[in-house]
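Thanks for coming. Please have a look at the structure.

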Amino acid sequence: MKTFSGALFVAVASATDFDDFKNQFQKSYANGEEESYRKGIFESNVEFVKSENARQSEYQLGVNQFADLLVHEWTAQNFGLARPEKPFGDVPYLGRHEVGNVTLPSSVDWTTKGAVTPVKNQGQCGSCWSFSATGAMEGAYEIATKKLVSISEQELVDCAQAEGEQGCNGGLMDGAFTYAKKTGMCTEESYAYKAKGGTCKASSCTKAFDAGVVTGYKDVSTDDEQAMMSAVAQQPTSIAIEADKSVFQLYKSGVLSGLCGSSLDHGVLAVGYGTATDGGDYWKVKNSWGATWGDNGYVLLKRGKGGSGECGLLAGPPSYPIISSQAPSASITV
């Protein structure tokens, strides 16, 4: 298992002119030499976008605010990885997800079922793990109570160090589930996201749910697409992927396939699966880089690849929180 921090990506842009790019993303440089250097990188990235799109692949790329950076620059700035001291720590591990003898639906989309909050933005903080975890808890809680409550990522960044989490320097979704079991979780509204670490303020927030509502988590068998489909058909599921590729950095739409590895570095949320008219079978994945990245904040990853799956999404292993059958419906207004 690994600790995931992920990266910030903002706004797919249509600008292919460097001056337009600078204006759109409010770029400024120390001097003319640096600006000239960045312009060269930008123009190279624009050519990469054009060449990829000209291939008429199942996906399309676009220009975003990282178009003036080399790949190794933005990966060095925005990715982090560490290993926990022991595989599960003190996490209340409740076993493997059981597939069961049922016919799975041909498509699932929890965004249309009211179990997914709007896309959020982690900013310049390696907190992707917290966004993946809150998304999974938000979905599980809505399915159990029919109440969708946006949960605080900042609480996890500030308060979950005892579970081995490292705030903006990375963490694990399963550790976040442990924290939630012990303490409950604050609402987003009462404990707003700051994109940086701070002093824990969990004692003065409005609770989304109390301690014990999350009873633990289950893993999904690795490299098992049928098990993953079964899990996602049941509820939104936390996954880890490799995101440190140019095609992922500049992704705009369509089904992404063939160009990701499986060196996991970014935590995201699988919210559905289906089949595209052009592109075939896919997983629908919610990211935490804002609604202007990708397809309104989402990416479709190829399904049916085998092995660890596209971008390693089956390798994590995937996991999801278990909500108590006695969970009370939130009394707060959302």
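I start with the salt bridges: the count comes to 13, where a salt bridge is a side-chain nitrogen of Lys or Arg within 4 Å of a carboxyl oxygen of Asp or Glu. As background, side chains of opposite charge can pair when their charged atoms come close.

Before the details, some notes on the source. This is a predicted model, in which local features need pLDDT of at least 70, side-chain atom pairs count only at pLDDT 80 or more, and totals for chains, interfaces and linings use all residues. Residues are numbered from 1 along each chain as its sequence is written, and side-chain values use heavy atoms, leaving out hydrogens and water.

Now the pairs. Lys 120 forms a salt bridge with Glu 138, with 2.8 Å between the closest N and O atoms. This pair links distant parts of the chain, 18 residues apart: Lys 120 sits in the loop between strand E5 (108-109) and H4, and Glu 138 in helix H4. Helices (H or I, at least four residues) and strands (E, at least two) are DSSP runs, numbered from the N terminus.

Are these two buried or exposed? Lys 120 is buried at 15% relative accessible area, and Glu 138 is buried at 2%. Buried means under 20% relative accessible area, exposed over 50%, and partly exposed in between, with a 1.4 Å probe and protein chains only.

Another pair is Glu 163 with Lys 182, whose closest N and O atoms are 2.8 Å apart. Glu 163 lies in the loop between helix H5 (153-159) and helix H6 (173-183), and Lys 182 lies in helix H6, so the pair ties together parts 19 residues apart in sequence. Glu 163 counts as buried, at 19% relative accessibility. Shared partners also join Lys 120, Glu 138, Glu 153 and Glu 188 into one network of salt bridges.

Next, the nonpolar side. A nonpolar core is a set of buried Ala, Val, Leu, Ile, Met, Phe, Trp, Tyr and Cys residues joined through side-chain atoms within 4.5 Å. The largest one has 70 residues, and those with the most contacts inside it include Met 137, Phe 209 and Trp 283. Helix H4 (residues 128-145) gives the largest share of this core, 6 residues. A second, separate core of 8 residues includes Phe 18, Phe 25, Tyr 29 and Val 63.

Last, the whole chain. The protein chain has 8 helices and 14 strands, and 54% of its 334 residues are buried.
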